[in-house]
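Q: Please take a close look at the aromatic rings here. Walk me through how they pair and where they sit.

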Amino acid sequence: MSNLKNSPADHVAEGLSKSEVEHLGHLARMSLTEEEIARYSSQLTNVVEYVDQLQELDLPIQAGARGVTGLSNVVKADLPREKESLANLEFADAQAGFPLSSGRLIEVRAVLGGEVEG
Amino acid sequence: MNTLELTSQDLQSQIQALQTGQITSVELTKAYLDQIKKLNPRYNIFVRVEEEFALQNAQASDQRRKSGQTLSQLDGIPYNLKDVYATKGLPTSACSHILEGWIPPYDATVYHKLNQTGAVLLGKTNTDEFTMGVSTESSYYGVTKNPWDPTRVPGGSSGGPAASIAARLSAFSIATDTGGSIRQPAAFCNVTGLRPTYGRVSRFGELAMASSLDQTGPIAVSAMDTALILSQIAGLDELDATSSPSQVENWAESMQAVVKQAKAGDKSLKGVKVGLAKEYFGEGVDPRAEKLVRAAIETLKSQGAELVELSLPLIPKALAAYYIICPAEVSSNMARYDGVRYGYSVERQAAANQKHSLYDIYAKSREQGFGAEVKRRIMLGTHVLSAGYFDAYYKKAEALRQAVSAQFSEAFQQVDVLAAPVSPAFAFVIGSKIDDPLAMYMEDILTVPLNIGGIPGISLPCGTIQESNSHLPVGLQIMADKFREDRIFKVSAAFQTVTDWHLQQPNLSLTKDE
């Protein structure tokens, strides 16, 4: 089996190579050990080969079809949320989860300008 | 009847006992707490017990009852939650290392509703990590042992909830079913588990796994119990844009009529058409399990139901669609666990002078915080959603989903319910499938079709198989059209009136592991 190329024409019946798995780990922001990469490559290849059976089916993709609920354009009324709403969150409660915070500030790392690993 | 005997009874009996003053909520709650202390070390069912909290609430319930201010039928009834619901001030972790120590700052709608009924939360029960699994083996807190045979799995992902009812450690449990996670463990543990129509119960505050597939449902001793609970937890929620405005009915009341008829020996299911889709039977299903399921279906016939053979050719393909759609949504939903806002973070472990880059905070926190199954699904989802693969996988799976939905709708023009096995077999030995994720996924082959279709289904105990020295339960699956839980309940009420599989309990032993 040739190395997996990232092109649609080649996807059929190919699994996930180790380099592909490593790439997916990067996309998903998860470091993986060498052992994990090898193990997941083999396990996920099995799964991908299984789900590939859908390729044999000739199914029309209906444009504009509603999702599983049949609901559409569900919007909230343009009113302030009620005090008792479960979705109201006090800042202190929200802040409590952050690893780093002080006073009324929460601390996060800079997106730009910090060291970024390839 | 002493208190311990009462905890072995179904929810209805306990409601009655409270109402007639035979027992107080504090007595009932204490009885459950004692049983949990005795059995949990062996079976690992509860991951967190909130003893003081429960007793306080039980006491408050008894006070309300004294002053004639009972909130509902469920007032004072002890229950548990699968460890995936936000409960303000009480830890929830989705049985994952990445949420260890997290204290939810808000309440899930389901939890809030149950608080308003006066029900008493005993604690949180074990699940596969982020509800991903069919065996509860991927839980950060270790596997739950099946009360029917502790060398075997209780099923998953709601292994803790199902086992909690099998071992009679709560009057009911609230769990989730995304691909079979209520029905399959209910079948493995000989309890009744309902997965309502998608949209019936609010998902606000339920830690999302796959947002178009997740649904909360009750697990209890009987279908009547689950109907009582559903009436309390269902309903439109403005905080969940996928929740349905469909009417919440008093299903239990309608079931009483059916029960009466069945008890009187009348054909309580006369006029009901039960569909048997051939794709759910035969090859791939353990013959002993199928035998029990077919016998159960004959029981329905003896109650006057008409059996209709039909074919749903896309059913066997639903699993493939599920293992594209589900991981895709998982990869999106797991992105929030980033080590920045809550939960496990390498920042917490870091020495004062050691500063991680943002990338490292993400990558290392997630590497260390997530278990293998979660990682696999995130990667699978990332793969099927990535450029170049989206059309081939995700779009195709969605097209299949529409087609499966259409097939179910068509079928329900001809029949009222579908009957089928829940599982291709029965509870397997702990560790026997852990190295083969695909084999694990295949366990769901008979349950996921309904998740893909968004329709409701229940698992009803229908007998046990003898395997080595154990009796292993088998479940009958009854499915209906969207928002037609009434039809499921009707069939279930009849079945559980003329059979007593659901009342059988395992022999629990307290001795340590063999």
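A: Phe408(B) is buried, at 2% relative accessibility (buried means under 20% relative accessible area, exposed over 50%, partly exposed in between, with a 1.4 Å probe and protein chains only). Phe412(B) is buried too, at 6%. The model is predicted: local features need pLDDT of at least 70, side-chain atom pairs count only at pLDDT 80 or more, and totals for chains, interfaces and linings use all residues. Residues are numbered from 1 along each chain as its sequence is written, chains are lettered from A and ligands numbered from 1 in the order written, and side-chain values use heavy atoms, without hydrogens and water.

Over all chains, there are 15 aromatic pairs (rings of Phe, Tyr and Trp, the last by its six-membered ring, with centres within 6.5 Å; planes under 30 degrees apart are stacked, over 60 edge-to-face, the rest tilted). Trp102(B) and Tyr342(B) make a tilted pair, 6.1 Å centre to centre with 50° between the planes. Trp102(B) lies in the loop between strand S2 (78-82) and helix H5 (109-117) of chain B, and Tyr342(B) in the loop between helices H11 (318-333) and H12 (346-349), so the pair ties together parts 240 residues apart in sequence. Helices (H or I, at least four residues) and strands (E, at least two) are DSSP runs, numbered from the N terminus. Trp102(B) is buried, at 11% relative accessibility. Phe408(B) and Phe412(B) are stacked: 6.3 Å between centres, 15° between planes. They are four residues apart in helix H15 (residues 391-414) of chain B, so about one helical turn separates them.

Ring pairs also link Trp102(B), Phe130(B), Tyr337(B), Tyr342(B) and Phe370(B) into a cluster.
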